[in-house]
Protein chains: 2
Amino acid sequence: MQLSSSLLENAVSEFAKLPGIGKKTALRLVIHLLKQEEAVVNHFGESIIKMRREIKFCQRCFNVADGDICAVCANSLRKQEVICVVENIRDVVAIESTQQFNGVYHVLGGVISPLDGIGPDQLNIEPLINRALKEKAQEIIFALSPTIQGDTTIYYIQKKFKSLPVKITTIARGIAFGGELEYADEMTLARSITNRMPVESYVNR
Amino acid sequence: MQLSSSLLENAVSEFAKLPGIGKKTALRLVIHLLKQEEAVVNHFGESIIKMRREIKFCQRCFNVADGDICAVCANSLRKQEVICVVENIRDVVAIESTQQFNGVYHVLGGVISPLDGIGPDQLNIEPLINRALKEKAQEIIFALSPTIQGDTTIYYIQKKFKSLPVKITTIARGIAFGGELEYADEMTLARSITNRMPVESYVNR
């Protein structure tokens with residue numbers, strides 16, 4: 001794509017570096033910004049620069065934070081001894097938006113995946129174990145991707161907790177709400193039959 | 001969406017203001033930037049701020065430019081007396097990327113659309129007429145949207161040129177290359193039959 005202005009071209013190629021944004025979309029976004037007031041565009045650029053420069057990661061759960069401890073960990077109304085283990089920050093946001101979880105988080109930073117060169121040492125597993133011990137965690141809920149890598153990670157971590165008096169659970173897996181049986185994959189359907197649940201617990205939810 | 005960091009939240013809401021970018025996509029983009037080096041993110045933000053602050057519009061054709069005149073107008077290899085009239089900068093980019101046009105452009109800034117409150121005075125029509133007169137344009141090619149508004153704009157402008165010795169054309173309309181006849185709308189198909197072209201001119205292209 002050849003543009004008549006190198007300033008425009010730079011801005012477009014910067015946007016096109018973002019995941020899922022091609023040259024055409026980048027151009028559309030840049031032209032949108034071009035039409036905005038200068039102050040609006042300054043605010044856009046500066047808030048992103050500022051975010052990258054000043055953001056911190058919570059020293060306890062590795063979630064993003066404005067200070068040393070994130071807002072979730074700092075909230076005394078939340079159950080600090082129930083820890084939900086997630087892969088990344090996006091998963092924290094997804095669970096938070098359900099408004100169904102009142103504990104705290106632990107962001108692993110990924111899952112064990114030898115093929116991608118990610119072993120336990122690259123993840124925040126050690127800090128999780130230390131933290132659970134120190135804080136006398138009562139329950140650890142795994143909310144990881146339903147993949148072999150996710151399952152491997154769960155298996156690896158739960159072995160470490162074997163001798164400790166902590167409840168280890170994982171989020172329920174089965175047929176998605178609103179999903180149709182005939183389109184569910186065999187693995188999910190098979191597991192959902194094996195792990196069937198009493199109707200009363202389902203109805204009471 | 002509630003995030004554990006107000007810095008992150010600001011950046012996400014800035015991205016979510018862009019057209020076609022929802023909260024979830026915005027979060028994905030921001031988290032991508034969060035993972036980049038600080039210098040990379042600074043460059044991203046600054047190139048956008050700089051673009052908005054320093055970009056100019058070509059005094060002749062209203063295309064974006066780094067200086068007073070855009071790169072297309074400044075290019076002496078291009079036919080300066082063949083003017084392609086387009087709605088916006090994106091259309092310039094689209095035509096430029098075909099590498100089939102060797103003339104210059106004129107960006108109208110939209111099309112006449114009374115329902116949206118856009119009359120001829122809101123568009124760069126007057127400058128087009130003055131420019132065509134002054135520069136003794138030989139041909140004016142309309143490359144506007146195939147809508148009633150586009151056609152109205154063509155009609156309005158060509159009336160102004162009636163008494164002048166300038167050739168007025170419009171880009172060909174018909175069945176798109178690779179398109180299937182049975183899925184073409186009736187209007188397009190009807191017009192493409194009425195405006196049928198000699199096979200020799202088609203083959204020679």
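## Terms and model

A crossing of two helices is left-handed if the near helix is turned anticlockwise from the far one by less than a right angle, and right-handed if clockwise. Helices (H or I, at least four residues) and strands (E, at least two) are DSSP runs, numbered from the N terminus.

This is a predicted model, in which local features need pLDDT of at least 70 and side-chain atom pairs count only at pLDDT 80 or more, while totals for chains, interfaces and linings use all residues. Residues are numbered from 1 along each chain as its sequence is written, and chains are lettered from A and ligands numbered from 1 in the order in which they are written.

## Two copies and their axis

## The contact between the chains

Chain A puts 49 residues into the contact and chain B puts 50 residues; two residues are in contact if their C-beta atoms, placed from the backbone, lie within 7 Å. On the side of chain A that touches chain B, at least two residues come from each of α1, α2, α3 (38-54), β2 (64-65), α4 (71-74) and α5 (89-96). The most come from α3(A), with 14 residues. By class, this side of chain A has 27 nonpolar, eleven polar and eleven charged residues (Ala, Val, Leu, Ile, Met, Phe, Trp, Tyr, Cys and Pro count as nonpolar, Asp, Glu, Lys and Arg as charged, and the others, Gly among them, as polar).

One helix pair in this contact is α1(A) with α3 (residues 38-54) of chain B, whose axes come within 9 Å and cross at roughly 150°. Axes are lines fitted to C-alpha atoms, for helices over the stretch in contact, and angles run from 0 to 180 degrees between N-to-C directions. The two helices are therefore roughly antiparallel (angles under 35 degrees count as roughly parallel, over 145 as roughly antiparallel, 65 to 115 as roughly perpendicular and the rest as oblique). Their crossing is left-handed. From α1(A) come L7(A), L8(A), N10(A), A11(A) and E14(A), and from α3(B) come H43(B), F44(B), S47(B), I48(B), K50(B), M51(B) and E54(B). Six of these residues are nonpolar, three polar and three charged.

## A helix pair within chain A

Helix α1 (residues 6-15) of chain A also packs against α2 (residues 23-35) of chain A, at an angle of about 120° and with the axes 8 Å apart. These two helices are therefore oblique to each other, and their crossing is right-handed. L8(A), A11(A), V12(A) and F15(A) of α1(A) meet K23(A), A26(A), L27(A), L29(A) and V30(A) of α2(A). Eight residues of this contact are nonpolar, none is polar and one is charged.

## The sheet of chain B

In chain B, four strands in the order β4-β3-β5-β6 form an open sheet with parallel pairing; two strands pair if DSSP finds at least two bridges between them. The edges are β4 (104-107) and β6 (167-170) of chain B, each with a single partner strand, so one side of each has no neighbour in the sheet. On average, neighbouring strands are turned by 25° against each other, direction ignored.

Four bridges join β5 (residues 139-142) of chain B to β6(B) in the parallel sense, and I141(B) stands opposite T169(B) in β6(B). Helix α5 (residues 89-96) of chain B lies across β3 (82-86) and β4 of chain B and runs at about 125° to β3(B).
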